[in-house]
Amino acid sequence: MKTVTPLILFLCVGPLLLAQQGNVALQNFRFYENLALRDAQYEQTLHTVNLQDEQDYWTDQRNYERQLGTENFAAYLVYMKGKKDAYQQHLQHCSETCAHSGRFFERAHEYLSISDAEYLRQLMETGMVLNTSKKRNP
């Protein structure tokens with residue numbers, strides 16, 4: 001009877017713990033989706049800052065994306081998908097009144113032009129993706 005009680009408790013509480021872990025992961029992904037949207041909205045207003053500040057921002061942004069990709073690749077993919085979606089939506093409604101810099105359009109091209117499979121391949125080649133086994137040539 002003593003061994004049955006912990007088993008019954010585990011069977012009753014176990015699924016609740018697993019469901020809670022799933023909710024935490026989902027909330028984590030939503031955080032990165034919202035962060036990507038917020039960052040993209042800020043990037044759309046960068047034309048109001050001076051050239052050096054804008055360049056510093058893009059350098060910091062690229063470093064952040066690289067670091068996120070090495071530390072939490074799933075979150076990185078969610079973040080980049082959020083950026084891609086935000087840029088697609090903005091550029092559909094962007095007209096001559098949008099005074100974006102050339103650097104903005106360079107980054108927009110990077111976010112939009114590469115398919116996910118191609119992007120993953122490039123990341124693996126540059127060593128950004130961790131926990132992947134690379135075949136060694138004999």
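Lys83 lies in helix H3. Beyond its neighbours within four places in sequence, Lys83 is in contact with Ala36, Asp39, Ala40, Glu43, Gln61, Glu65 and Tyr111; contact means heavy atoms within 4.5 Å.

## The model and the chain

This is a predicted model, in which local features need pLDDT of at least 70 and side-chain atom pairs count only at pLDDT 80 or more, while totals for chains, interfaces and linings use all residues. Residues are numbered from 1 along each chain as its sequence is written, and side-chain values use heavy atoms, with hydrogens and water left out.

The protein chain has five helices and zero strands, and its pattern along the sequence is α-α-α-α-α. Helices (H or I, at least four residues) and strands (E, at least two) are DSSP runs, numbered from the N terminus. Of the 138 residues of the protein chain, 27% count as buried. Among contacts in the protein chain with a separation of 6 or more, 63% come from residues 24 or more positions apart.

## Helix H2 against helix H3

The axes of H2 and H3 are 6 Å apart, and the two helices pack at an angle of about 140°. Axes are lines fitted to C-alpha atoms, for helices over the stretch in contact, and angles run from 0 to 180 degrees between N-to-C directions. H2 is therefore oblique to H3; angles under 35 degrees count as roughly parallel, over 145 as roughly antiparallel, 65 to 115 as roughly perpendicular and the rest as oblique. The crossing of H2 and H3 is left-handed, a term used if the near helix is turned anticlockwise from the far one by less than a right angle, whereas clockwise gives right-handed.

On the H2 side, the contact is made by Trp58, Gln61, Tyr64, Glu65, Leu68, Gly69 and Glu71, and on the H3 side by Phe73, Ala75, Tyr76, Tyr79, Met80, Lys83 and Tyr87. By class, these are nine nonpolar, two polar and three charged residues. Ala, Val, Leu, Ile, Met, Phe, Trp, Tyr, Cys and Pro count as nonpolar, Asp, Glu, Lys and Arg as charged, and the others, Gly among them, as polar.

## Helix H3 against helix H4

Helix H3 (residues 73-93) and helix H4 (residues 102-113) have axes that come within 9 Å and cross at roughly 120°. H3 and H4 are therefore oblique to each other, and their crossing is left-handed.

From H3, the residues Met80, Lys83, Lys84, Tyr87, Gln88, His90 and Leu91 meet Phe104, Phe105, Ala108, Tyr111 and Leu112 in H4. The residues of this contact comprise eight nonpolar, two polar and two charged.

## Two further buried residues

Tyr57 belongs to helix H2 (residues 51-71). Its relative accessibility is 16%, so Tyr57 counts as buried. Not counting residues up to four places away in sequence, Tyr57 touches Asp39, Tyr42, Glu43 and Leu46. The side chains of Tyr57 and Glu43 make a polar contact (2.8 Å); such a contact is a pair of N or O atoms within 3.5 Å, and within protein one must be able to donate a hydrogen and the other to accept it, while residues adjacent in sequence count only if both atoms are side-chain atoms.

Val78 is part of helix H3 and counts as buried at 18% relative accessibility. Val78 and Asn34 are 44 residues apart in sequence, and their C-alpha atoms are 9.9 Å apart in space. Val78 touches Phe29, Tyr32 and Glu33, not counting residues up to four places away in sequence.

Key:
Buried means under 20% relative accessible area, exposed over 50%, partly exposed in between (1.4 Å probe, protein chains only).
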